[in-house]
Amino acid sequence: MDEKTVIQATAAAGTVHPFAESNPPIEHTADLKHHNVEVEKAATEEEEIEEDLYRPLLMDPGIPHEENPLTIRAVVVGCILGALVCASNLYLGLKTGFTFSANMFGAIFGYGILKFLDKAGKMPIIGGVFGPQENSIVQAAATGAGGTGGIFVAAIPAMYRLGVMGEGHTPSTDIGAIFTITLVCSFIGIFYATPLRKFFIIQVARELKLMFPTATAVALTIRSMHAGATGSINAIKKLKCLMICFVGAMCHRVASYYAIGILYDWHVFTWIHIWSGYTSWALNIESWGWYFEWTPAFIGSGILIGLNPAISMFAGSVIAWGIIGPTLVHYGECIGKQLAPEDPQWDSLYSFTSLSNLGKGPPSPRYWLLWPGVMVMVCCSMAELFVQYKVIWSGVKSLWHSSCESINDTLTAKGKSSAFFAKHGAPMVKSEDHVEDPFPPEQQVRNWMWLVGLLVTLVLGMIVFHFQWEMHPGLTILGILLAFLFSFLAIQIGAVTDTTPLTAAAKASQLVFGAATANHGYTIQHAQKLNLAAGALASGGADMSNALVSDFRTGFLIGTSPIKQWIAQSIGSFISVWLGPGLFVLFTSAYPCIWDPNADADHCQFQVPSVSAWAAVAQAVTDPNVKIPLTSGIFAIVMGVVSIIQVVVRHFYLVGPREKYREWLPNWGAIALSWVIPAPVFANAALLGAIIAAVWRKYSMRTWDIYGYAVAAGFIAGEGLGGVVGAILTLAGVDGSVKGTMIACPLNSC
């Protein structure tokens, strides 16, 4: 979502009025009717006016003053909703490598729940007036509670896949160590990101066009839902739509376990193979993963991401699994594994996704394609970073000025002075577009809060990583410094592009640690363990810091004090520290193929693409016996250069009148993702969702504004929770493999 799109969404949101805090509530029916007329009139008059989205939003004056939006009910509801998204992210992340933020889901669902509690009047805890600021607290707590899924869909299971945890270790036996690494990764990101709020949200947002598209969309959605009678009606419509989609997706996913070949996976080429009397050509296409999956989550993600990324992902799948893969196998560069050589009806069915026995023979097409995918992800993300060089220089200047200002203030308070610090810490000249921080110091996070928290977490991190992960304290400090650096970059890139380069952060950290541990006497397994733990620290910290600063952006627009949002997200994050590992143990107990290298990976319900990518990088930088195929390396370098050239051309050449051509450029991040995911099935579903959204917006923008986000959020969260129910059914021994049918599946197994 670019700035123009966000401004259009602002017009659709409706009301444009002064800050709510300065206006008394409307108590009489006649006044309310008059107010609604004025609101609708103002909305009509202001539709074409571009609102300044680098200042707090102008709110409906009829919104009652919120004395303290940080309520128990808001935090509890937010944590519950975030827990649903956390469960969803574990399920979806293990299947596809994707995770989603809980902010929009929490904002809409939270509105419905607290609006209902609003009717309880003055009942303690659950009653009281519900406004947009409390709504932003709900989504902040939900974001925190739903935000630790990343390390459980990548680094942690990769450690078990490589056997670096030791003989006999399982996720359930290592639950204590998993809890502590989750705690460190979560809160180290929260504490060092706290002082970045003023820089990213206030100081350089306008200059560098840091729009934070998703966070801004959440703020606009909250405002529209609280915009008088019209907003309330539309909010109820959003809520009903979200609930229907959520429940429907969950029920569909649970039911599909018992007839997966009919309700979920449509293996069209297997059907043709059977109907045509078991001919081999259709099964050859089936072997490359060309079937359609009715996955509400990825149809929902396609609704959100739009046509360009969806088409790019589908095109990448065609290139990888329709052209490159078959060509590599045809010329003997890669090999596949025959799944049923003894059965003449299915002897043409192969698997081309194995990552076992690396370095001991020709690789699978999946391993060959993994390196171009990783290379393009890293190159395009880092290129986006370097073309935004202004933010790095501005950040360095801002940090230097803030440090000098703080030291000068401390010296002045003690009756001392320093000409150097007084000069470099002097108040900066304010431009005409300067935005004042609307929150007084008492509503800000105190410096001692995040400093003490950072110090405690740093010490705890060195202890935890030393005793539980066998990492030297010096390497732990290096990992935390890398985490801070990549967090700074992730926030900036995410604020501009709405895509957080966590993959690039993790892979860059793995490469740095590969060099740091080389030739230092570490065994291969120990070096791989350190490599993956460092990657988890970098990506986990970057993820949580980006989520916090994005929440600060939402609160800034809505008018919620930073200290209240900070507390809400911290509480939610603390909940997720215990929830995430518990859900991870649940999934790994139900589906051992997630983590066990000896399990039957070819028939696993989870593709775990992120796990495979992390494990492969760790092996490549630590194990001299694991080589990158020469042809794969050459292709990776060429594609990496192409992706960098496109970023430079888009940023420096396609500007001004040529900017309109940017939308026709392929999305290399999406293409690279389709090379890492070992099947085109998710690209198919995402493309369907994107087409549905494009047609919907073209023919009924009004209903899209009301229902679009709600449909996507409901589909994503609903299927994720259905996956949790499926894991429970598997542990209970009553899942589809026992009580259901595998009819219409290849080899009678989907």
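This is a predicted model: local features need pLDDT of at least 70, side-chain atom pairs count only at pLDDT 80 or more; totals for chains, interfaces and linings use all residues.
Biologist: How many aromatic pairs does the structure hold?

Modeller: There are 30 aromatic pairs in the structure. One of them joins Tyr 192 to Phe 484 in an edge-to-face arrangement, with 5.5 Å from centre to centre and 90° between the planes. This pair also links distant parts of the chain, since Tyr 192 is in helix H7 (residues 175-193) and Phe 484 is in helix H20 (residues 473-497), 292 residues apart.

Biologist: Why does Tyr 192 count as buried, and what about Phe 484?

Modeller: Tyr 192 counts as buried because its relative accessibility is 5%, and the limit for that class is under 20%. Phe 484 has a relative accessibility of 27%, so Phe 484 counts as partly exposed.

Biologist: Which residues do ring pairs link into a cluster?

Modeller: Ring pairs tie Trp 266, Trp 271, Trp 275, Phe 292 and Trp 294 together into a cluster.

Biologist: Switching to helices, how do H5 and H22 cross?

Modeller: The axes of helix H5 (residues 132-145) and helix H22 (residues 524-558) come within 10 Å and cross at roughly 175°, which means that H5 runs roughly antiparallel to H22.

Biologist: Which residues meet there?

Modeller: On the H5 side they include Pro 132, Gln 133, Ser 136 and Gln 139, and on the H22 side the residues are Met 544, Ala 547, Asp 551, Thr 554 and Ile 558. Sorted by class, the contact of H5 with H22 has five nonpolar, six polar and one charged residues.

Biologist: Zooming out, how many helices and strands are in the protein?

Modeller: The protein has 29 helices and four strands, and 54% of its 750 residues count as buried.

Biologist: What share of the contacts joins residues at least 24 apart?

Modeller: Among contacts between residues at least 6 apart in sequence, 83% join residues at least 24 apart.

Methods
Residues are numbered from 1 along each chain as its sequence is written. Side-chain values use heavy atoms; hydrogens and water are left out. Axes are lines fitted to C-alpha atoms, for helices over the stretch in contact, and angles run from 0 to 180 degrees between N-to-C directions. Helices (H or I, at least four residues) and strands (E, at least two) are DSSP runs, numbered from the N terminus. Angles under 35 degrees count as roughly parallel, over 145 as roughly antiparallel, 65 to 115 as roughly perpendicular and the rest as oblique. Contact means heavy atoms within 4.5 Å. Ala, Val, Leu, Ile, Met, Phe, Trp, Tyr, Cys and Pro count as nonpolar, Asp, Glu, Lys and Arg as charged, and the others, Gly among them, as polar. Buried means under 20% relative accessible area, exposed over 50%, partly exposed in between (1.4 Å probe, protein chains only). Rings of Phe, Tyr and Trp (its six-membered ring) pair if their centres lie within 6.5 Å; planes under 30 degrees apart count as stacked, over 60 as edge-to-face and the rest as tilted.
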